[in-house]
Amino acid sequence: MEAIPSFSSRGVPVINSSTRRKNARTENYATSSTLLIKSMATQKPLPSAAKTIGSKKNSTVFPLGEKGPRSSPLIASPPIKLLTRVEQLKLLTKAEKAGLLSAAEKFGLSLSTIEKLGLLSKAEELGVLSAATDPGTPGALLSLSLILLLLGPSCVYLVPEEYPWEVALQAVVVLLSVVGGSASFAASNLVSNLQKAK
């Protein structure tokens, strides 16, 4: 028998014989093959093709038996009720206290005028009312406001000031970008508040 020095896991020298080493190898192989057989025997069955597993909203699932991924909305968001949110936020009361309703009446815009002109049906045809319930609308309005607010300074920087019409062009573009950017930012904030669920 030949003695071969080796070290344990703690660094202490241990002397093993070669026959012990061979026996340990066969024991390890037998143990690992036994574990392998046990793990194969306790393996869970594959889910059926009809079942899909997902944990997040609008996650992508890979159902068995179908080609490619499929987007599956697992949790449906509740519908947005605009009039309920307007009532909860007391927007009409705030508009009345601010004098917006009386100012609109002075300009000839009353509820009867809105009804006669069919402005609500026109707004629905243009998609304004349905856009208020779309979850992507606040982000789109915010992006528009940032673009408009960056347009004014970039116009002033890029357009030369050699002629009076160029200065007038700068002033008009800056005025439109500030008014439009501020309005779209306010609209983004309003639509976002209307869409929040309490």
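Reader: In which helix of the protein chain is confidence lowest, and in which is it highest?

Author: This is a predicted model, in which local features need pLDDT of at least 70 and side-chain atom pairs count only at pLDDT 80 or more, while totals for chains, interfaces and linings use all residues. Residues are numbered from 1 along each chain as its sequence is written, and side-chain values use heavy atoms, with hydrogens and water left out. The term pLDDT denotes the predictor's confidence in each residue, from 0 to 100. Confidence is lowest in helix α1 (residues 18-41), with a mean of 51, and highest in helix α8 (residues 137-158), with 93. The protein chain averages 74, and 59% of the residues score at least 70. Where pLDDT is low, the predicted coordinates should not be read in detail.

Reader: How many helices and strands does the protein chain have?

Author: Helices (H or I, at least four residues) and strands (E, at least two) are DSSP runs, numbered from the N terminus. The protein chain has nine helices and four strands, arranged along the sequence as β-β-α-β-β-α-α-α-α-α-α-α-α.

Reader: What span does α8 reach from its first C-alpha to its last?

Author: The expected span of a helix is 1.5 Å times one less than its number of residues. With 22 residues, α8 reaches 31 Å, close to the 32 Å expected at 1.5 Å a residue.

Reader: Which residues of α8 are buried?

Author: Buried means under 20% relative accessible area, exposed over 50%, and partly exposed in between (1.4 Å probe, protein chains only). In α8, the residues T137, P138, S145, G152 and C155 are buried, and the buried residues of this helix pack against α7 (128-131) and α9 (164-195). Across the 198 residues of the protein chain, 14% count as buried.

Reader: Why does P138 count as buried, and which residues does P138 touch?

Author: P138 counts as buried because its relative accessibility is 12%. Leaving aside residues up to four places away in sequence, P138 touches S188, V191, S192 and Q195. The C-alpha atoms of P138 and S184, which are 46 residues apart along the chain, are separated by 9.2 Å.

Reader: Is E161 buried or exposed?

Author: E161, found in the loop between α8 and α9, counts as exposed because its relative accessibility is 54%. Not counting residues up to four places away in sequence, E161 touches E166, V167 and Q170.

Reader: Where is L109 placed?

Author: L109 is in the loop between α4 (100-106) and α5 (111-117). L109 is partly exposed, since its relative accessible area is 40%.

Key:
Contact = heavy atoms within 4.5 Å.
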